[in-house]
Each structure stands twice: as structure tokens, then as C-alpha cells.
Amino acid sequence: MYTTRIGHSTTDSINIYGYDLCSEVIGHTSLADLVFLGARGRLPTANESHMLNALMVGIAEHGFTPSSLATRLTWLGAPEATQAAVAAGLLGAGSVYLGAMELTARTLQEALDSAPEGQSAESTASAILDAYEKSGEKVPGFGHPVHRPRDPRTARFFQLAEEWGFLGRHSLLLQAVHAELERRRGKPITLNGAGAFGGVLADLGFAWQQVRTVVVAARAVGLVGHIAEEAARGAADSTAQALFRHVEEHTDYQPQR
């Protein structure tokens, strides 16, 4: 016997998560609400809906990135398979691009779970940085090649989190880590949008294992625009074709035998 809480259909009805799709969901909820429903098992409150939607909108699109370029190049080779182009753009969701949100949430949640009761955010932040310094790994959620010393998304995410009641212990710990990291480095360090996203999403009650699923759902929406732009220009005038030509014309072929 197989069991699921997610969806079931009869001749004249569709039920998802215990709600009638047509009468209770369609026309009443947003796509972000369904993400929340799938992850948390209930529909969000109005503020939870606003916050999750804001987070997903904030990371859906960033222009030319490895993710969007992979999508454009794949579409150039297989324009009949737009799903493959979107998938190509999502396959690089790892520790460097798109995955930092998950790593940040995991760091914060595990640190809070293991911290002694009553320990201050500042002490927990120091313990986090001590562990990363010992391992030699990069602290997730910090640094950005463009936004220096401040990432505008970070300020906006935290502003809305405070306004809607979600600036909780994960975000506050992340801010403490930021302050301690700047103190140790002796210079401004960017707390990037990915880090803030991970902290606020954790305060929304998402487990770190769920974070990347939210990330790729949001980014898939952004990639639709890149495919649409390529299609509107046509393959011959597309960015992907120009990129392909540029690489071909600027490659120094040096065979070794």
C-alpha cells in the first residue's frame, strides 16, 4: 500500500494537501503559497505569504549568470526542449551559485540546535567562525563580486522580515556572525542576499534541507525570461549564438601530440 498526503483525484475533483484544488486553492493562493504548503503542510498566513513571495522574487533573476547562460546555450542547441534549457540552468545550484542559501540556513540551524541554553548570539557567532577558521572553509553567505560593501537585497529582506514579524533568531544570529566577521577581518564584509535569504527562510520555519528546493523553484521562474528573450531575437541573433561565436573566434588552438 502506498500513501501520500499530497494529491489525489476522483472523476470530478482534485484534492491537494487536504484542500479542494478548484474551490479552495485556485484563485485563492499564489504559487509561493503552494511552496509553503508543500514544505510546511499548511497554507501560510498573510504575512508568511508576503515574506516567502518577497524572498523568491528577490532571487529569481540576476541577469547574465552561469545559470542563465547555461539555459541560453542549451536552448540554442535544443529550442524544441525548453524544459531542458530550464533544467540546465538549475543543475549548477551548488556551493558557489544558488547553494549558499542552503549552507547558510544549515550553519545557523545546527549552531542554534547545539548551542548551550541561554548562550548569547555573539558567543554562538564566535563559535561558528572558530569552526570555519579551523576547517579552512569559506563562511557561507558572505562576499559578493559586485555588491560591496553592502548587498541591497540583504537590507530589503531584513527590512521586510522585521516589518512582517520574521526577523527571528536565525537572522539575528546571522547579523551577529556578520559583525564578528567584520571585527576579525578589520574591514567591511558583504553579507549577501543569499545569506539573508537563508536566515529569513529559516525564521519562516523551513528546514535547511528544504531551502534549495525553494531556491530552484524561484530561479526556474527567472529562467523563463531568458528563454523568451532568446526566442524573440531568434537563434541567429541570440546571446547564446554571439557567445558561441566569440569563444570560437577567440580560441587559440594548441594541439599537443
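Arg153 and Asp151 form a salt bridge in this predicted model, with their closest N and O atoms 2.6 Å apart; a salt bridge is a side-chain nitrogen of Lys or Arg within 4 Å of a carboxyl oxygen of Asp or Glu. Both partners are buried (under 20% relative accessible area, against over 50% for exposed and in between for partly exposed; 1.4 Å probe, protein chains only): Arg153 has a relative accessibility of 18%, and Asp151 one of 3%. The model is predicted, and local features need pLDDT of at least 70, side-chain atom pairs count only at pLDDT 80 or more, and totals for chains, interfaces and linings use all residues. Residues are numbered from 1 along each chain as its sequence is written, and side-chain values use heavy atoms, with hydrogens and water left out.

The count of salt bridges comes to twelve. In one of them, the side chains of Arg42 and Glu48 meet at 2.8 Å, N to O. Arg42 is partly exposed at 31% relative accessibility, whereas Glu48 is buried at 9%. Another salt bridge joins Glu133 to Arg184, with 3.0 Å between the closest N and O atoms. Glu133 belongs to helix H7 and Arg184 to helix H9 (residues 169-185), so this pair ties together parts that are 51 residues apart in sequence. Helices (H or I, at least four residues) and strands (E, at least two) are DSSP runs, numbered from the N terminus. Glu133 is exposed, at 52% relative accessible area, and Arg184 is partly exposed, at 27%. Glu133 and Arg184 are also part of a network of salt bridges that links them with Asp130, Glu180 and Arg183.

Lys138, Arg148, Arg185 and Lys187 form a positive surface patch. Patches consist of residues with over 30% relative accessible area and no salt bridge, like charges being joined within 9 Å and nonpolar side chains (Val, Leu, Ile, Met, Phe, Trp, Tyr) within 5 Å. Lys138 is exposed, with 63% relative accessible area.

An open sheet is formed by three strands in the order S1-S2-S3, with antiparallel pairing. Strands S1 (7-9) and S3 (19-20) stand at the edges with a single partner strand each, so one side of each is left without a neighbour in the sheet. Two strands pair if DSSP finds at least two bridges between them. Strand S2 (residues 14-16) and S3 run antiparallel and are joined by two bridges. Asn15 has Asp20 in S3 as its bridge partner.

Notes: Areas by Shrake-Rupley, 256 points an atom, 1.4 Å probe, with all protein chains shown as cover. Lys, Arg positive; Asp, Glu negative; His and termini not counted. Charge placed at Lys NZ, Arg CZ, Asp CG, Glu CD.
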